[in-house]
Amino acid sequence: METELSQEEKKALLQIASPSQHFVEGEKNYEIVTEQIGSMVLNQKKHGIPWFVAFFIGFVLLNVLMASVGWLLYKGVGVWGINIPSAWGADIINFVWWIGIGHAGTLISAILLLARQQWRNSINRFAEAMTLFAVMCAGLYPLLHTGRPWVAYWLFPYPNILGAWPQFRSPLLWDVFAVSTYMTVSAMFWFVGLVPDLALLRDRTSNKVVRFILGIAALGWRGSAKHWYRYEISYLILAGLSAPLVLSVHTIVSFDFAVSQIPGWHTTIFPPYFVAGAVYAGFAMVLILMIPIRAWYNLKDLITMKHIDWMAKIMLTTGLIVFYGYIMENFIGLYSGNKYEMAIVYNRWCGPYRVAYWGLIFCNGLAPQILWFPKVRANVKWLWASSLVVSIGMWLERYVIIPVSLTRDFLPSSWGYYTPSFWDWAMFLGTIGLFTFLIFLFTRFLPIINIFEVKDLLHRERGHHAHDGDNEQPLEQAKVPVLAEK
Amino acid sequence: MASTIYGMVAEFKSESQILNAAKKTKAEGYNRVEAYTPLPVHGLAEIIGLDIKDTLLPWIIFLAGVAGLVGGFGMEWWVSVIEYPLNVGGRPLLSWVQFIPVAYECTILAAAGAAVVGMFALNGLPRPHHPIFNAKRFERASNDRFFLCIEAADAKFDSKRTAAFLSTLDALSVSEVED
């Protein structure tokens, strides 16, 4: 960190330090904003080599996913490393990891909206898309873990010839409802946000096929004032519904563990610390994706260093909450006087999985502390690297929670050891592929920044200057002659 | 079929201009007025005139939420107590505390669904075509122009006088819209 600061870093530092509340930079008006974002969809030539490389990697790994799912369906869940006593393994680790990543999207789009954090307008669309794709990746795991995903509909309550009904007292069933509701509501929220932008692109494109498709997707949106009025009510209430929903989803995920009696799981701190961890991991993923994308597509004046800085600060804050969670977990374990709880603390520190535990403390607890320094937050490379470290740390967290407790419960005779198999890793890589694949398809075919909300932000920041200059053609006469009638 | 007139439309450059124009139009006594803007302009719908239909949405969402709650909890109760009672160590069948998460998710799902479906339905969408799309340069209504339309259905509408009135409002253009 002792090296000379580059010109760009100096500029970034100044931006971060400045008290200005401006989140749109450069020469801008509505037309420029539309062109800058809309052309990513309408002008397909804008997608160059970086897009192809990223998309290709995603595509290759997606094929790895298809192969591993195919093999799993052919052979059964035995191809994973799970067995008694560790009946849950990488599948649930990855499920929790992915669903946590999704949470930042809803936090940005809903909670920051309710908190009147208008700077979110430039990042919410992308973060919501990330939520959707992350929840898709997450949903695959429990589905495949059932062993027979083709009868996964048995999870839902419906009258059937088996005469059986789901057990509503089980957190696993709560999960079914929480995750499917979350997926549905996130998709609706995302779509509602997209409609005015789709209408804009429909009006702008010169390609008839594209206009036809966008015309259907935009539902005939025409921007009527009364429509906007109801739209805003609906959007705000959706945000109000999504905010507690997102908290409930990871709370219920943590209930999968906390409601059981396994030492290390049976603890009341799980819900809040799972939610904080989810937001933490999610912001890390937003930064991992946004830092390169804003550079590739010249979006640095819409997703400014100030956005990046504030996201880094939220990441640091939630990271501290998570770290506090780790400390309390140890304290409660040791203070409980319960020998099984004390043993699990000892096991985490010195047991067979100690490398994962200390790795987690390093990645989630210690390493992110460098974000206290403005110099680090102004340096996108350092920030990107720290976000990656946090993502690894959050994966390790779930790794430590799941096998460590499962393989070291009450009876030493039932102890074991868990190692993820080749196919566990293949499938994890595969879901990363699916996620990358979808993210880059989205980047190419839908506006990745909410255009009308950025205009709203621009209007708030610049007022009248948000409009183009007086280079318009003079007042057009009406078709009918204007008569000077009384 | 002979072309009929849907209304007279004026094009404006900014939020403040259209707010101003809408106020003047209402003051002039026009009632069938609608504005089309690329982004929500606060206060515009109120000026143009809200009716009872516009304030219905929150109630629809609330009632859907209540229905989701009652429906979700009712389903859990019916399944666990009536249809498929499982005696687990003599614990109560109506263990309502453990029914909260699912009932809660059902509430959110129903309310959110109503928020989306209700909003589009009250707006009369999806509707692929609308006469306003015939307006000149209307493709900019979703980008950077603000349109105000006085509909021909207005009692006071008269193409000459309405056009004359609109052109006093500092509009970029005034034109007729065919139905």
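In which loop of chain A is Arg116(A) found? The structure examined here is a predicted model, in which local features need pLDDT of at least 70 and side-chain atom pairs count only at pLDDT 80 or more, whereas totals for chains, interfaces and linings use all residues. Residues are numbered from 1 along each chain as its sequence is written, and chains are lettered from A and ligands numbered from 1 in the order in which they are written.

Arg116(A) is found in the loop between helix 4 and helix 5 of chain A, where helices (H or I, at least four residues) and strands (E, at least two) are DSSP runs numbered from the N terminus. Although Arg116(A) is not a glycine, it has a positive phi of about 55 degrees. Arg116(A) is exposed, with 7 other C-beta atoms within 10 Å; a residue is called buried if 20 or more other C-beta atoms, placed from the backbone, lie within 10 Å of its own, exposed if 12 or fewer do, and partly exposed in between. A positive phi of about 60 degrees is also computed for Arg137(B), likewise not a glycine, and Arg137(B) is placed in the loop between helix 4 and strand 3 of chain B. Arg137(B) is partly exposed, with 14 other C-beta atoms within 10 Å. Most residues other than glycine have a negative phi, and most peptide bonds are trans.

Two packed helices are described by the angle between their axes and the distance between the axes. In chain A, the axes of helix 5 (residues 124-145) and helix 15 (residues 422-445) come within 10 Å and cross at roughly 155 degrees; axes are lines fitted to C-alpha atoms, for helices over the stretch in contact, and angles run from 0 to 180 degrees between N-to-C directions. Helix 5 of chain A is therefore roughly antiparallel to helix 15 of chain A, given that angles under 35 degrees count as roughly parallel, over 145 as roughly antiparallel, 65 to 115 as roughly perpendicular and the rest as oblique. The crossing of these two helices is right-handed, a crossing being left-handed if the near helix is turned anticlockwise from the far one by less than a right angle, and right-handed if clockwise. Residues are in contact if their C-beta atoms, placed from the backbone, lie within 7 Å, and the contributors from helix 5 of chain A include Phe133(A) and Cys137(A), with Leu434(A) and Phe442(A) among those from helix 15 of chain A. The residues of this contact divide into 11 nonpolar, 1 polar and no charged, where Ala, Val, Leu, Ile, Met, Phe, Trp, Tyr, Cys and Pro count as nonpolar, Asp, Glu, Lys and Arg as charged, and the others, Gly among them, as polar.

Helix 6 (residues 171-204) and helix 7 (residues 208-217) of chain A pack at an angle of about 155 degrees, with their axes 8 Å apart, and helix 6 of chain A is therefore roughly antiparallel to helix 7 of chain A. Helix 6 of chain A passes helix 7 of chain A in a left-handed crossing. The contact is made by Leu198(A), Leu201(A) and Arg202(A) of helix 6 and by Arg211(A), Leu214(A), Gly215(A) and Ala217(A) of helix 7 of chain A, and these residues comprise 4 nonpolar, 1 polar and 2 charged.

Chain B contains 5 helices and 4 strands, arranged from the N terminus on as β-α-β-α-α-α-β-α-β. Chain B has a radius of gyration of 25 Å, well over the 16 Å that the globule rule gives for 179 residues, so it is more spread out than a compact globule; the radius is taken over C-alpha atoms, and the rule is 2.2 Å times the number of residues to the power 0.38. Of the 179 residues of chain B, 44% count as buried. The contact between the chains takes 65 residues from chain B and 60 residues from chain A, and the largest share of the chain B side, 13 residues, comes from helix 4 of chain B.

How values were computed. Contact = placed C-beta atoms within 7 Å.
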